[in-house]
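Welcome, and please open your viewer beside this page. We will go from stop to stop, selecting a few residues each time.

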Amino acid sequence: MENTHTSYLIAGAAGDLGHRIIDALLRTRPAREIRAGVRGGSAGKHGNRAEGWIANGVTVVNMDLDDPLSLKHACAGVGTVISAVQGGPDTIIDGQSRLLEAALAAGVGRFVPSDFSEDLFSIPEGINPYLDMRRTFDRKVSPSGIGYTHILNGGFMEAVFSNPGLIDAEAGTITYWGDDEVPLDFTSLNDVAAWTVAAIDDPTTVNSVVSVAGDRRTIAQIAADYAAATGKALHQVRRGSIADGYAELRRMAKAGAHPMAMLPLQYLLPMMSGEGALCDIANDQYPTVRPTSLLDFMKRHYLTRGGKR
Ligand SMILES: NC(=O)c1ccc[n+]([C@@H]2O[C@H](COP(=O)([O-])OP(=O)(O)OC[C@H]3O[C@@H](n4cnc5c(N)ncnc54)[C@H](OP(=O)(O)O)[C@@H]3O)[C@@H](O)[C@H]2O)c1
């Protein structure tokens with residue numbers, strides 16, 4: 001039996017993106033049956049957020065990617081599974097594969113994998129392990145027979161500008177590799193959530209990639225936005241060519257750098273090279289989403305929160 005198209009399970013519902021997807025589902029029509037999939041069970045663990053969900057008719061379900069029985073129960077009767085989990089290969093490949101199996105067994109119609117990145121499909125293997133594992137999972141989901149939709153959005157504004165890898169507000173620098181005229185894609189978390197819901201409400205996005213971008217700015221434009229938002233000029237620091245950047249990553253790996261120390265460069269370099277640039281940006285297809293520009297984001301981010309997340 002086909003499951004109702006208006007029932008949704010959000011895996012990783014307690015996460016930064018997951019809870020915003022629930023908010024976006026609640027804000028938009030049609031009325032939906034929403035299940036917030038949280039690890040560790042009871043609504044109690046998630047405090048006020050879970051209370052708000054329950055008051056709005058959201059069901060909180062226990063959902064651990066390591067526990068197939070919990071996945072079976074969570075997927076029963078669901079039309080769309082949206083995964084917003086985060087983790088290593090045990091989560092992104094193995095855990096999401098168990099969730100996919102449960103979704104297939106339950107007759108789920110659509111599966112959104114936890115991608116939410118720059119264009120992971122145009123980046124060569126071996127540059128960014130986090131994107132590599134998402135392509136590995138795609139090789140499972142694409143041929144599985146479930147309807148799938150990949151959402152690509154460039155860097156989350158909140159993530160990129162909370163890390164001193166690009167802008168170091170204290171040092172007053174913007175650091176880059178390559179050319180300062182290459183456009184980089186950024187989207188705020190709330191806009192990613194809103195576009196995710198718009199994309200899954202669109203029947204034409206089954207078995208496809210949906211690319212959306214809140215803003216697209218070069219290094220020079222980002223520096224100009226920062227100056228306009230804060231009144232402070234940034235010193236542009238060019239560290240070298242793109243090839244120099246990749247050599248730096250190899251040097252860090254050889255020196256045994258902590259994976260988290262390498263992560264910003266692993267994401268930023270393919271953006272700065274243009275390899276991770278989004279193609280066929282679909283913003284115009286979803287006019288109800290009015291995205292936050294980088295300038296407006298920066299005004300809020302740097303002035304009201306001092307750049308801290
Ligand atoms: N483009 C960008 O710049 C950017 C930046 C950040 C994130 N992202 C992407 O956005 C997506 C969501 O990230 P996020 O920042 O929202 O992550 P997050 O805040 O860390 O939330 C991830 C959620 O996944 C849940 N989870 C992890 N392993 C699980 C398991 N085995 N079983 C059940 N639940 C599990 C966690 O549960 P607990 O609460 O129990 O730990 C958590 O609620 C990811 O695909 C991430 O790569 C993109």
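Begin by selecting strand E2 (33-38), helix H4 (89-106), helix H5 (129-141), strand E7 (155-156), helix H6 (157-160) and helix H10 (259-273): each gives at least two residues to the lining of the largest pocket. Helices (H or I, at least four residues) and strands (E, at least two) are DSSP runs numbered from the N terminus. Now highlight H10, which provides the largest share of that lining, six residues.

Before moving on, note that this is a predicted model, in which local features need pLDDT of at least 70 and side-chain atom pairs count only at pLDDT 80 or more, while totals for chains, interfaces and linings use all residues. Residues are numbered from 1 along each chain as its sequence is written, and side-chain values use heavy atoms, with hydrogens and water left out.

**The largest pocket**

Next, select Val85, Gln86, Gly87, Arg134 and Phe156, which lie nearest the centre of the largest pocket among its 43 lining residues. A pocket is an open set of points on a 1 Å grid over the protein atoms alone, with protein on both sides within 12 Å along at least five of seven lines; a cavity is a set where a 1.4 Å probe fits but cannot get out, and lining residues have an atom within 4 Å of a point. The volume of this pocket is about 1200 Å³, counted as the space filled by probe spheres set on grid points joined across faces, edges and corners. Colour the lining by class and you will find 20 nonpolar, 13 polar and ten charged residues. Here Ala, Val, Leu, Ile, Met, Phe, Trp, Tyr, Cys and Pro count as nonpolar, Asp, Glu, Lys and Arg as charged, and the others, Gly among them, as polar.

**The ligand**

Where does the ligand sit? It is in the largest pocket, meaning that more than half of its atoms lie within 2 Å of the grid points. Show the 24 residues around the ligand (a heavy atom within 4 Å); Asp16, Leu17, Ser114, Phe116 and Phe156 come nearest.

Zoom in on Arg134, where a side-chain N or O atom is 2.9 Å from a ligand oxygen. At Leu17, a polar backbone atom is 2.8 Å from an oxygen of the ligand.

**Two last stops**

The second largest pocket holds about 220 Å³ of space. Select His5, Thr80, Arg110, Ile200 and Val206, the closest to its centre of the 15 residues that line it.

Finally, select Glu118, Gly154, Pro183, Leu184, Asp185, Met271, Gly276 and Ala277, which line the largest cavity. Its volume is about 40 Å³.

Terms used: Polar contact = N/O pair within 3.5 Å; in protein donor to acceptor, adjacent residues only side chain to side chain.
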